[in-house]
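Please open the model in a viewer and keep the sequence panel at hand. The stops below follow one another as selections.

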Amino acid sequence: MDVYEAVTSRRAVRGFADRPVPREPLERVLSAAAWAPSGSNIQPWHAYVVTGAPLAEIKKRAGRRLAEGDPWDEPEYEQYPAVLKSPYRERRSGFGEQRYGALGIPREDLEARQRAASANWQCFGAPAALFCYVDRDLGRPQWSDVGMYLQTVMLLLRAEGLHSCPQMAWAKFRRTVAEVLSPPDGLVLFCGMSIGYEDVSVHSPRTGRAPLGETVTFVDGL
Ligand SMILES: Cc1cc2nc3c(=O)[nH]c(=O)nc-3n(C[C@H](O)[C@H](O)[C@H](O)COP(=O)(O)O)c2cc1C
């Protein structure tokens with residue numbers, strides 16, 4: 001698979017087949033992803049790749065919390081600014097309309113939206129997950145390094161025939177994840193990532209992108 005195909009075939013998959021992911025491709029992916037760049041090569045990511053009984057336990061505990069109406073864990077970082085300005089606000093609501101529209105959920109049915117979103121905490125049926133932490137003392141450039149690392153992981157997963165969904169939603173249940181993984185003090189859970197083979201019977205529409213001119217400026221003359 002060439003790089004363009006890896007990039008364009010990666011998408012947030014939210015329905016995974018009930019088919020285990022062997023350890024070998026995951027080790028290949030994580031070994032290669034270690035070559036992701038980072039400022040001064042400090043490699044600020046801490047990733048846990050979780051399968052089998054520990055992942056089942058995380059899902060079980062998260063499911064129990066949801067069923068009991070347990071509130072989300074207090075945020076350790078702001079996922080979005082309180083007021084999202086234009087054009088990000090419109091892009092975000094466009095995404096929500098597409099995602100929930102595809103499931104037949106109208107805009108005003110917040111309860112149904114929440115029910116659909118709760119599949120996050122079952123990893124959309126994925127048999128493997130990655131939980132990515134970053135040191136609390138590191139700053140924005142290092143969070144950006146972590147993003148590059150995660151994208152590298154997701155592209156390499158495509159080369160193994162695997163799909164993924166990055167999930168900040170897991171930060172909302174970060175205590176549940178920590179109960180099972182016991183990460184060292186001082187790490188912040190940035191996000192989880194569901195990993196597995198796609199369940200092609202689950203319809204997931206391709207998202208669009210802003211026209212190139214909205215996000216890129218070519219400067220090639222005076
Ligand atoms: C850092 C990050 C966090 C995300 N968190 C979630 C999430 O919690 N749940 C979810 O379903 N999708 C999540 N997504 C997926 C985005 O919604 C998705 O990448 C975006 O809509 C573009 O669609 P595409 O990835 O299919 O191209 C996240 C993506 C990123 C990069």
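Begin with S40, which counts as exposed because 9 C-beta neighbours lie inside 10 Å; exposed denotes 12 or fewer other C-beta atoms within 10 Å of a residue's own, buried 20 or more, and partly exposed anything in between, with C-beta atoms placed from the backbone. The model is predicted: local features need pLDDT of at least 70 and side-chain atom pairs count only at pLDDT 80 or more, while totals for chains, interfaces and linings use all residues. Residues are numbered from 1 along each chain as its sequence is written.

S40 sits in the loop between α2 (23–33) and β1 (45–51); helices (H or I, at least four residues) and strands (E, at least two) are DSSP runs, numbered from the N terminus. Its phi is positive, about 55°, although S40 is not a glycine.

Next, select Q43, in the loop between α2 and β1. Phi of Q43 is positive too, near 50°, and this residue is partly exposed, with 16 C-beta neighbours inside 10 Å.

Move on to P87, in the loop between α3 (52–67) and α4 (88–102). The peptide bond joining S86 and P87 is cis, with omega about 5°. Most peptide bonds are trans.

Finally, display the ligand. Which residues are around the ligand? They are R11, A12, R14, F95, N120, C165, P166, Q167, M168, A169, C191 and T207, each with its backbone-placed C-beta atom within 6 Å of the molecule. Strand β3 (residues 163–167) gives the most to this shell, with 3 residues. The shell divides into 7 nonpolar, 3 polar and 2 charged residues.

Methods
Ala, Val, Leu, Ile, Met, Phe, Trp, Tyr, Cys and Pro count as nonpolar, Asp, Glu, Lys and Arg as charged, and the others, Gly among them, as polar.
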